[in-house]
Amino acid sequence: MSEISPADALVTSTDPLHPANLIPELCASFYRLGWVTGTGGGICIRIDDKVYIAPSGVQKERIEPSHIFVLPYPQANPSPHTDRIFLRRPQLNLKESACTPLFWNAFELRNAGSCIHTHSQNAVMRRCCGKVTYLKSRTKYASLSLSRRITGSNMPFRLMIKGVRKGGNGPTLSYLDTLKVPIIANTPDEEDLKDSMAEAMEKHPDAAAILVRRHGIYVWGDDWTKAKTQTECLDYLFEIGVKMKLAGIPTVLNN
């Protein structure tokens, strides 16, 4: 049996909760939900001084532990379209996720332990979920608000809003809170979203996610379980909002 190199040892483990094992499992799950089809989307998990990142441009439901990139943390915020410092690269000719600079925003600005990016159709259709308020900004971003002021059978909204945390890693929202999700304009290349995402996060410190217009969503948390939970709750809210809109049910009360 050949000896495992120190680099490959970083992604070799029998522990099902090891990031190199978790990322393929989660990506396969996200694929079945329609979040990462067509090689889109991504996920990272940060454990202490190491960041584990899925590859870009691959069939997300077929990722293996040997495909995972490992980067040291902290390091200078990776700039778009530049080389980065790696502790481990796959032997296959793969590229790290194009989301990497945006994942770093979650680390640096929210001290996140994990960040998830999906291309969920529910996120793309977010305008149907509630009132969109446009804000004056050189990055031209908007804000989507969801609150308890939902008409009809609003108990699911109340419960799922309570699964989202202020800032992504603070206390959970309550029934009385309003959930606000900033929306930033899309760019031709994923990595070029870095600055507008950072500005929106700084201006909305309570935001647990960033929507990218006609693209998808970035959600973060203290660890992968909290990031996943919040992604699920937000996606549920978006889906319910879309269905209510299609059914002609008002999503916001006027009084």
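Student: In which loop is the place of threonine 39?

Tutor: Threonine 39 has its place in the loop between α2 (19-32) and β1 (42-47); helices (H or I, at least four residues) and strands (E, at least two) are DSSP runs, numbered from the N terminus. This is a predicted model, in which local features need pLDDT of at least 70 and side-chain atom pairs count only at pLDDT 80 or more, while totals for chains, interfaces and linings use all residues. Residues are numbered from 1 along each chain as its sequence is written, and side-chain values use heavy atoms, with hydrogens and water left out.

Student: Is the phi of threonine 39 positive or negative?

Tutor: Threonine 39 is not a glycine, yet its phi is positive, at about 70°.

Student: Which residues does a cis peptide bond join?

Tutor: The cis bond links tyrosine 73 to proline 74, with omega at about 5°. Proline 74 belongs to the loop between β4 (69-72) and β5 (95-96).

Student: At what angle do helix α3 and helix α6 pack?

Tutor: Two packed helices are described by the angle between their axes and the distance between the axes. Here helix α3 (residues 100-110) and helix α6 (residues 194-203) have axes 9 Å apart, at an angle of about 25°. Helix α3 is therefore roughly parallel to α6 (angles under 35 degrees, taken from 0 to 180 degrees between N-to-C directions of lines fitted to C-alpha atoms over the stretch in contact).

Student: Which residues in α3 and α6 meet?

Tutor: From α3 come Pro101, Leu102, Asn105, Ala106, Leu109 and Arg110, which meet Lys194, Met197, Ala198, Met201 and Glu202 of α6 (heavy atoms within 4.5 Å). The residues of this contact comprise 7 nonpolar, 1 polar and 3 charged (nonpolar: Ala, Val, Leu, Ile, Met, Phe, Trp, Tyr, Cys, Pro; charged: Asp, Glu, Lys, Arg; polar: the others).

Student: How many cavities of 30 Å³ or more are there?

Tutor: The count is 1 cavity of 30 Å³ or more (1 Å grid points, over the protein atoms alone, where a 1.4 Å probe fits but cannot get out; points are joined across faces, edges and corners, and volume is the space filled by probe spheres set on them). The largest cavity holds about 30 Å³ of space.

Student: Which residues line the largest cavity?

Tutor: Its lining consists of Trp35, Thr118, Ser120, Ala123, Ile217, Thr231, Leu234, Asp235 and Phe238 (an atom within 4 Å of a point). By class, this lining has 5 nonpolar, 3 polar and 1 charged. Helix α7 (residues 224-246) supplies the largest share, 4 residues.

Terms used. On a 1 Å grid over the protein atoms alone, a cavity is a set of points where a 1.4 Å probe fits but cannot get out, and a pocket is an open set with protein on both sides within 12 Å along at least five of seven lines; lining residues have an atom within 4 Å of a point. Angles under 35 degrees count as roughly parallel, over 145 as roughly antiparallel, 65 to 115 as roughly perpendicular and the rest as oblique.
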